[in-house]
Number of protein chains: 2
Amino acid sequence: MSASGFEIKATDGAARCGTLHLPRGMVETPAFMPVGTAGTVKAMLPENVAATGARIVLGNTYHLMLRPGAERIARLGGLHKFMDWPFSILTDSGGFQLMSLAALRDIREEGVRFRSHVDGSEHFLSPERSMEIQDLLGSDIQMVLDECAPYPASRERIESSLALSMRWAKRSKAGFQTKPGRFCFGIVQGGVYPDLRLRSVEELLTIEFDGYAIGGLAVGEGQSAMFDVIAGTAPSLPQMRPRYLMGVGKPDDIIGAARLGIDMFDCVLPTRSGRNGQAFTWAGALNLRNARHAEDSSPLDANCACMCCRGFSRAYLHHVVKSGEIIAAVLLTWHNLFFFQDMLDRFRAAVMAQDTEQFCSRFLRNYRNGQIEEAG
Amino acid sequence: MSASGFEIKATDGAARCGTLHLPRGMVETPAFMPVGTAGTVKAMLPENVAATGARIVLGNTYHLMLRPGAERIARLGGLHKFMDWPFSILTDSGGFQLMSLAALRDIREEGVRFRSHVDGSEHFLSPERSMEIQDLLGSDIQMVLDECAPYPASRERIESSLALSMRWAKRSKAGFQTKPGRFCFGIVQGGVYPDLRLRSVEELLTIEFDGYAIGGLAVGEGQSAMFDVIAGTAPSLPQMRPRYLMGVGKPDDIIGAARLGIDMFDCVLPTRSGRNGQAFTWAGALNLRNARHAEDSSPLDANCACMCCRGFSRAYLHHVVKSGEIIAAVLLTWHNLFFFQDMLDRFRAAVMAQDTEQFCSRFLRNYRNGQIEEAG
């Protein structure tokens, strides 16, 4: 085990598999982190999340600071206890939601003044306050505050945003409360400009982090441009540090990025799609709202061992989706999270077996040749 | 074990505890049956329902005939398999929902023609068709079709409704598909008129049923009038047959009725209230939406061993109720169903110990002296 608590067990081309050693247990990588925005992975009990194989979830600083508040969670014993999740938690910094959810007031060197999307109240977030909040939550992996530039944006806009993000990264690291086993990650920005991405990596390396995220992707640039950025950035990141691709993505995005050397992922896709009637399978994506499932007695995926596929038919899922029953969200979210974990389980096995390329092309062929029914 | 598959283990005054022997296992009585309207106990997985202690749930003929359809469920292997519930199911006849949900067209001697509340399509339900649907569903305990008169209604209206219900009861019994271990229950009607209730009992006894329900209560007559009807009716029902009080009720209604000799209950209260932020406890009812719970680190009920009370604080529940998270419905429904089961577990123990009166007065004192916060 390295000083940073990250151990690489095998590599195969650019791909790797390893183990994150965190205070609340090990996480096998490449890892998918279900999103637990407001202190709950939507539609799932914590024991259900663990049953899908997940050992780390993501919590949102932005949402939790607004409701119920970081100081309140700290008084109640921290986020793990609050949401009854005994394993690891990574918290984002709030930067992304400031752009996507908050009514923005003012971005300045010092930080961001904004209005809550919940009740319109005014708040302030700076690199120091973001790290303070993540400390109050008791997060195991904490992210620096960055400015997420809109997409598309001019090179000049991306360049000035990057410069601000790098100054904030330095302040975030200074504000990070070091505790044994706890990680602080920097975030590489720079849009789709290879030289800006490399400049970002260099600046983060001088600050030194326990891991490095690639941010600002999956915002509309397309899968091929995203893979280009990853392929251009990953090799310059330290081999022995975990690499986290933020907010990605679809099953084929994840497999493609893991093949390029990414170790960690988070995305709302499996949970949000599950609430909208969509299921991911080894043979593509299904929309259970479609009438063709109404009398189909087969499970979502005959190759899946999840609770949903063991007990319930597509006909039942069609019925409860159409009827708006809560169990529809529970079953499809459970299946989707299990599928994302299972997909990376098998990817890790392929890396260990030096079979990554064959696994990935087989996976992508089956998935992309399958029917892709969009969410309802 | 008696011929009807109902065994009385102990009596104490009018109260009794016993065992229903059904094809899919035993049910201890007095029993509470969670309502699984459309093939799901709302917000609960079947394994969660079983974890609360329930061994029988109620399915609604009216809802299931409209969506997904009784013939479709039969082709898919029956309701137990469809909803992945391995224990017993009682189905109602559809009579109550015809009055409360359907756009009524026409009640005639032959049956009821009505429009679906789901899509406006036209349907017909008769005693024979109700029993046919319940047979297609594969229900373990099937109810006769009755006409549920509105409340309040004149004595004349109740009397003519009762006469129709008794003719329908005879046709229902004739249409009931006898199978080993399967029960058919008659329903006593007659409003709040003691002589009409007794007339109803007499007519049902001449038809002969495996159990007897008391219908048409908890519709606005008040608890004391309801208890009067039960006290006036139960003694004339056969001792050795199970007695089912339909659609009741609040915790104090259930304990009061069990004390008068009722063996079975169903009600949407624990599930519906759970989705609306209300929790039932040994010290009254709580509305988790109230700000006073926002920083309370204690569980809903320190005397409760349910999953929710073992893992989560009132502060967490307040947060997820306020945030509209699905886990709020899951946790509060789970707790409420567990509480209803636990309440009747302890009632049964009291009957076995010949301690029913003391148990009931202690329960009612604690419950009624507690804070009763209505659902949000």
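Visitor: Which term describes how α7(A) and α8(A) lie to each other, roughly parallel or roughly antiparallel?

Guide: Two packed helices are described by the angle between their axes and the distance between the axes. Here α7(A) and α8(A) pack at an angle of about 15°, with their axes 10 Å apart, and are therefore roughly parallel to each other. Axes are lines fitted to C-alpha atoms, for helices over the stretch in contact, and angles run from 0 to 180 degrees between N-to-C directions; those under 35 degrees count as roughly parallel, over 145 as roughly antiparallel, 65 to 115 as roughly perpendicular and the rest as oblique. This is a predicted model, in which local features need pLDDT of at least 70 and side-chain atom pairs count only at pLDDT 80 or more, while totals for chains, interfaces and linings use all residues. Residues are numbered from 1 along each chain as its sequence is written, and chains are lettered from A and ligands numbered from 1 in the order in which they are written.

Visitor: Which residues of α7(A) and α8(A) make the contact?

Guide: Two residues are in contact if their C-beta atoms, placed from the backbone, lie within 7 Å. From α7(A) come A:Ile158, A:Glu159, A:Leu162, A:Met166, A:Ala169, A:Lys170 and A:Lys173, and from α8(A) come A:Leu196, A:Ser200, A:Glu203, A:Leu204 and A:Ile207. By class there are 7 nonpolar, 1 polar and 4 charged residues, where Ala, Val, Leu, Ile, Met, Phe, Trp, Tyr, Cys and Pro count as nonpolar, Asp, Glu, Lys and Arg as charged, and the others, Gly among them, as polar.

Visitor: How is α6(A) placed against α7(A), roughly parallel or oblique?

Guide: The axes of α6(A) and α7(A) are 8 Å apart and their packing angle is about 40°, which makes α6(A) oblique to α7(A). Residues A:Pro127, A:Glu128, A:Ser130, A:Met131 and A:Glu132 in α6(A) meet A:Trp168, A:Arg171, A:Ser172 and A:Gly175 in α7(A), and this contact has 3 nonpolar, 3 polar and 3 charged residues.

Visitor: Against which elements do the buried residues of α7(A) pack?

Guide: A residue is buried if 20 or more other C-beta atoms lie within 10 Å of its own, exposed if 12 or fewer, and partly exposed in between, with C-beta atoms placed from the backbone. The buried residues of α7(A), among them A:Ser161, A:Ser165 and A:Trp168, pack against α6 (127-137), β11 (183-188) and α8 (194-207) of chain A. Helices (H or I, at least four residues) and strands (E, at least two) are DSSP runs, numbered from the N terminus.

Visitor: How many residues of helix α13 of chain B are buried?

Guide: In helix α13 (residues 314-322) of chain B, 9 of the 9 residues are buried, so this helix is largely enclosed by the rest of the structure. Its buried residues pack against α4 of chain A together with α14 (326-352) of chain B, and just after α13(B), B:Gly324 takes a positive phi of about 65°.

Visitor: How many residues of chain A are in contact with chain B?

Guide: On chain A 31 residues are in contact with 31 residues of chain B. The helix α13(A) gives the most to the side of chain A that touches chain B, with 5 residues, and by class that side has 16 nonpolar, 7 polar and 8 charged residues.
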